[in-house]
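Q: Can we go through this one together? I'd like to start with the helices and then move on to the loops.

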Amino acid sequence: MGTRFRLFVQPPFEDPRSSPEIVEVSSPLGRVTAGPADDRMFVVKPVGKTGPYGLNRGPLGTPYMYLPPWTGKILEPATPDACGNFDYLRPSMAGFEAAHVFGCVRFTLDVWERYLGQPLTWHFRDHYDRLEISILRRWDNAQYGYGFLEVGSQFESDGRVLPFSLDFDVIAHEVGHAIIFSVLGVPHPEAEYPEYLGFQEAFSDCVSLIAAMHFPSVIDNVLAETRGNLYRANRLSRFSEFSPHRQIRSANNKRTMAEFARGWKDEHELSQPLTGAIFDILVDIFHESLVARGLISHAVEDLADVAEFDPAAEAPVQHAFDCAFARNSDGFVEALIDARDIVGTYLAETLWALAPDFLDYGDVARTMLAIDQDESGGQFTRIISRNFRRRAIGEMHAGPHLKGGEHHSHVHSARTLLPIDYLELPKMTFREKVLLSRSMGSQ
């Protein structure tokens with residue numbers, strides 16, 4: 001028996017009507033202690049921690065590496081009830097935020113460990129046994145790195161503070177980075193292609209998407225809203241690594257690699273052709289499954305493809321989906337779950353087969369095609385090839401990194417830092433070490 005938590009699928013600051021849903025994660029009942037904490041991870045709310053982990057600067061400006069563990073004071077941890085569950089905690093209660101972050105991380109890992117076929121081995125295992133998850137309410141970002149996952153807040157111009165600790169998409173996205181680093185490893189600095197950075201963001205968006213689709217309410221609500229015509233705007237095609245009110249990245253996009261051939265500023269934008277292709281593959285597999293079940297005709301499927309580019313076809317396509325969904329809504333649910341699991345499996349198998357050095361989107365496309373051949377005898381080759389080709393993936397490549405996107409970029413960020421990287425840093429003077437020690441000691 002697992003442990004129960006309450007999780008928001010949509011954060012309350014995005015949808016005021018949303019309420020947390022009870023889920024059961026794989027952590028054995030009674031094994032999750034105060035924090036929450038188990039043998040894989042633990043949550044802390046540091047007191048006085050003035051900045052995130054990563055490459056920081058000392059009192060005199062010398063860069064230094066700041067990695068776990070946090071040894072300062074922490075706020076009171078969330079504790080389980082008498083049975084060992086955390087679902088008694090409500091959003092208004094002090095421990096809810098910590099329990100929510102833990103539950104989101106564990107839920108996402110549960111989903112993707114099934115696709116990966118084994119438990120994830122942290123890429124920081126040589127130095128840490130567990131992932132330290134920190135809640136930093138005064139920080140304006142979220143990141144995964146060597147031994148840590150930190151979540152901050154979005155600060156709105158009207159004074160509102162939107163905590164990422166309550167945003168499933170943000171947390172699941174960061175778990176996506178953890179999965180990539182743990183399976184692929186970290187590329188050599190001289191072998192890191194721009195498209196590796198875009199792949200990090202695209203894959204992590206897909207980790208969030210597929211994990212969210214394991215909430216029955218998401219499947220039900222999306223189908224009720226779209227009647228199966230998934231190209232309509234809906235929660236499946238919206239990601240919010242930062243805030244749902246800003247920085248919304250849409251999987252349902254038309255971007256191609258031609259837009260980035262002369263250069264790119266932000267890897268989140270660079271990721272969009274790959275994310276869009278994978279979303280289109282999911283939708284097309286869903287349509288194929290509907291046809292195979294006799295729920296829509298080949299003619300309707302073909303018309304749906306036309307509607308992607310011809311607005312005049314949108315109304316008849318929607319009418320056809322409305323009628324088909326009304327006849328057999330359960331069949332639509334089964335078809336979407338099948339498509340979800342096929343894409344999740346293919347992405348996981350693709351990840352196992354890739355290497356981080358010199359990785360580009362063409363590698364991803366070729367590998368996914370090979371996976372399809374192994375898994376299904378090439379059943380979806382036409383779908384996969386067509387959607388990657390539409391985006392010029394494998395045909396055109398990202399140009400140089402241009403100035404102007406540094407604020408949102410993760411290039412040279414804490415995500416790729418390794419302990420050995422300290423050897424590349426300048427030596428700090430004894431005086432600065434003392435000043436730094438004093439400032440850390442006062443936290």
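What follows is a chat about the helices, the core and the loops.

Q: What kind of model is this, and how are residues numbered?
A: This is a predicted model, where local features need pLDDT of at least 70 and side-chain atom pairs count only at pLDDT 80 or more, while totals for chains, interfaces and linings use all residues. Residues are numbered from 1 along each chain as its sequence is written, and side-chain values use heavy atoms, with hydrogens and water left out.

Q: OK, α6. How many residues does α6 have, and what does it span?
A: Helix α6 covers residues 272-292, which is 21 residues. From first C-alpha to last it reaches 30 Å, close to the 30 Å expected at 1.5 Å a residue. The expected span is 1.5 Å times one less than the number of residues. Helices here are DSSP runs of H or I with at least four residues, strands are runs of E with at least two, and both are numbered from the N terminus.

Q: Is α6 mostly covered or mostly open?
A: Mostly covered: 19 of its 21 residues are buried. Buried means under 20% relative accessible area, exposed means over 50%, and partly exposed is in between (1.4 Å probe, protein chains only).

Q: What comes just after α6?
A: Gly 294, with a positive phi of about 75°.

Q: How do α3 and α6 cross?
A: The axes of α3 (residues 194-212) and α6 come within 9 Å and cross at roughly 35°. Axes are lines fitted to C-alpha atoms, for helices over the stretch in contact, and angles run from 0 to 180 degrees between N-to-C directions.

Q: Left-handed or right-handed?
A: The crossing of α3 and α6 is right-handed. A crossing is right-handed if the near helix is turned clockwise from the far one by less than a right angle, and left-handed if anticlockwise.

Q: Which residues meet there?
A: On the α3 side, Phe 199, Ala 202, Asp 205, Cys 206, Leu 209 and Ile 210; on the α6 side, Leu 274, Thr 275, Ile 278 and Leu 282. Contact means heavy atoms within 4.5 Å. The residues of this contact divide into 8 nonpolar, 1 polar and 1 charged. Here Ala, Val, Leu, Ile, Met, Phe, Trp, Tyr, Cys and Pro count as nonpolar, Asp, Glu, Lys and Arg as charged, and the others, Gly among them, as polar.

Q: Switching to the core. Which residues of the largest nonpolar core touch the most other members?
A: Trp 112, Ile 179, Phe 199 and Phe 332, out of 133 residues. The largest share of this core, 13 residues, comes from α1. A nonpolar core is a set of buried Ala, Val, Leu, Ile, Met, Phe, Trp, Tyr and Cys residues joined through side-chain atoms within 4.5 Å.

Q: What is Trp 112 in contact with?
A: Leaving aside neighbours within four places in sequence, Trp 112 contacts Ile 179, Phe 203, Cys 206, Val 207, Ile 210, Ala 211, Gly 344, Leu 347 and Ala 348.

Q: And Arg 106, buried or exposed?
A: Buried, with a relative accessible area of 4%. Arg 106 is in helix α1, residues 96-116. Apart from neighbours within four places in sequence, Arg 106 is in contact with Val 25, Ser 26, Ser 27, Asp 38, Arg 40, Met 41 and Glu 113.

Q: What about α4, which of its residues are buried?
A: Ser 217, Val 218, Ile 219, Val 222, Leu 223 and Thr 226. These buried residues pack against β2, α3, α6, α8 (314-327) and α9.

Q: Where does Phe 358 lie, and what is its phi?
A: Phe 358 is in the loop between α9 (329-353) and α10 (361-376), and its phi is positive, near 60°. Its relative accessible area is 45%, so Phe 358 is partly exposed.

Q: Last topic, cis peptides. Which bond is cis at Pro 36?
A: The one joining Gly 35 and Pro 36, with omega about 0°. Pro 36 lies in the loop between β2 (21-25) and β3 (41-44).

Q: And what is omega from Pro 68 to Pro 69?
A: Near 10°, and that bond is cis. Pro 69 is in the loop between β5 (63-66) and α1.
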